[in-house]
Amino acid sequence: MQHGPGAENAMGGVAQCYGESVPVLVLPMGYARRLANIDPNFNSSQAMKAFLKSSEPINIAAEVGNIFRRAFTRLKNGRGGPVIVEIPADMWNEEVPEPLNYTPVLRTRYGADPVHIKEAAALLVNAKRPVIYAGQGVHYAKAWPQLKRLAERLAIPVTTSL
């Protein structure tokens with residue numbers, strides 16, 4: 001996206017992704033490295049840091065593979081949220097060394113403690129007026145059939161955050 005106004009206008013959407021734990025890679029253009037930290041120039045990697053999982057500018061072309069590996073590691077692991085890799089305007093003229101040494105990152109799988117699942121199930125079964133508030137995790141996990149089966153079996157209404 002365009003540096004300055006384009007990145008500034010994207011702040012609301014990026015903040016919304018943070019609030020809703022949506023994993024998204026944001027690639028804003030930045031000012032040339034010699035101007036990036038001079039006021040009043042807008043620096044995306046610093047200005048949006050409060051609502052990002054991580055933020056990193058590309059300062060050296062040889063580091064492109066490492067920077068994107070870190071970015072995708074943060075995107076694919078843990079709670080979702082936006083990650084910024086800012087590309088300074090003067091980086092487009094630099095050569096990335098070949099061959100590009102990039103190894104895709106692994107996704108770490110994790111789940112709830114079985115004891116906590118049993119406790120939650122007991123609370124749900126014994127609730128007087130339960131409602132299931134299903135978030136985007138159901139969508140990411142493609143767990144629609146399981147959600148439907150649970151809601152129908154316990155006769156619980158479902159609402160979503162989407």
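**Questions about a predicted model**

Colleague: What makes Glu 86 stand out?

Modeller: Glu 86 is buried yet has no salt bridge, and Lys 49, the nearest side chain of opposite charge, is 9.5 Å away. A salt bridge needs a side-chain nitrogen of Lys or Arg within 4 Å of a carboxyl oxygen of Asp or Glu, and buried means under 20% relative accessible area, with exposed over 50% and partly exposed in between (1.4 Å probe, protein chains only). This is a predicted model, where local features need pLDDT of at least 70, side-chain atom pairs count only at pLDDT 80 or more, and totals for chains, interfaces and linings use all residues. Residues are numbered from 1 along each chain as its sequence is written, and side-chain values use heavy atoms, leaving out hydrogens and water.

Colleague: What joins the side chains of Glu 86 and Ser 45?

Modeller: A polar contact of 2.8 Å does. The term asks for a pair of N or O atoms within 3.5 Å; within protein, one must be able to donate a hydrogen and the other to accept it, and residues adjacent in sequence count only if both atoms are side-chain atoms.

Colleague: Why is Gln 16 called partly exposed?

Modeller: Its relative accessibility is 46%, so Gln 16 counts as partly exposed. The side chain of Gln 16 also makes a polar contact with that of Glu 20, at 2.5 Å.

Colleague: And why does Val 96 count as partly exposed?

Modeller: Val 96 has 31% relative accessibility, so the label is partly exposed here too. Val 96 lies in the loop between β4 and α4 (114-126).

Key. Lys, Arg positive; Asp, Glu negative; His and termini not counted. Helix = DSSP H or I, 4+ residues; strand = E, 2+ residues; numbered from the N terminus.
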